[in-house]
Amino acid sequence: MAVHERPILVIGDKNYSSWSMRAWLALTTAGIDFEEMHVKLRTEETRATILRHSPSGTVPALKLGAVVIPESLAICEWAAEQSRTGPLLPEDGVARAVCRAVSAEMHSGFATLRKECPMEVLAVHIGHPMSDACRIDIARIEAIWEACRRDYGQDGPYLFGRWSIADAMYAPVVSRFITYGPHLLPTAADYVAAASHHPAYQAWVAGAEEQVATGC
Ligand SMILES: N[C@@H](CCC(=O)N[C@@H](CS)C(=O)NCC(=O)O)C(=O)O
């Protein structure tokens, strides 16, 4: 279906909304011209406001005319299809399947890390207690990053060399690792440094600072 209207991405607070961050990074790095609509989270009106835009009651939600895509991974895939900046998925078929697999694992997994260490882009909580289950999640993420960098990372500093939707999906983990400071293996630490210096990642952090400074 052709989309003639400017897409609108409904997102939560940039300091907290990890799923919003993923979709926003994918659309931004794809060079897609989109409008951003911010819904303040954790207020009495949040749920009703989100529901006015997103039938699932969650953000992010991408509005394409009358159609709403209320899932971060689907928005990342759409961004990859529409990209004006080059591919956001690896060109090699096997690498592309692995990229989708690790992105899907992020989308459905790591519940303990997500619960114990919620994203808070602007905060520093070094020394925050972590359970064994949380450390198992972190070890699995380190293993994924290590394998991606080793097997597909030749053309750049990101998981599949050049920036891909996998980097968008793991960006909130990068942010958590900066906030909570777990000890990381060297490859993971290097990846955190590279990903957090990507201009789009930096732009999201700047947006979080602005939202907090202006109170909206
Ligand atoms: N599976 C969804 C999860 C989205 C999600 O849980 N978003 C949170 C914000 S990060 C949300 O909308 N929570 C509802 C609320 O805060 O009322 C996706 O991948 O987009």
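This report describes the domains, the sheet and the ligand surroundings of a predicted model.

## Domain arrangement

The domain assignment divides the chain into domain 1, residues 8-85, and domain 2, residues 93-200. Their C-alpha centres are 21 Å apart.

Contact between the two involves 15 residues of domain 1 and 14 residues of domain 2. On the domain 1 side, the elements that contribute two or more residues are α1 (18-29) and α3 (72-82). Helix α1 gives the most, with seven residues.

## The four-stranded sheet

An open sheet of four strands has the order β2-β1-β3-β4, with mixed pairing. Strands β2 (35-38) and β4 (67-69) form the edges, each pairing on one side only. Neighbouring strands are turned against each other by 25° on average, with direction ignored.

Strand β3, residues 61-64, runs antiparallel to β4 and is joined to it by three bridges. Leu64 stands opposite Val67 of β4. Helix α1 lies across β1 (8-11) and β3, and its direction makes an angle of about 155° with β1.

## Ligand surroundings

The shell around the ligand holds 16 residues, of which Ser17, Trp19, Thr58, Val59 and Ser72 come nearest. Helices α1, α2 (46-53) and α3 each provide at least two residues of this shell. Its composition is six nonpolar, eight polar and two charged residues.

Conventions: Residues numbered from 1 in each chain as written. Predicted model: local features only at pLDDT ≥ 70, side-chain atom pairs only at ≥ 80, totals over all residues. Domains from an automatic or database assignment. Contact = placed C-beta atoms within 7 Å. Near = placed C-beta within 6 Å. Nonpolar A, V, L, I, M, F, W, Y, C, P; charged D, E, K, R; others polar. Pairing = 2+ DSSP bridges. Axes fitted to C-alpha atoms, helices over the stretch in contact; angles between N-to-C directions.
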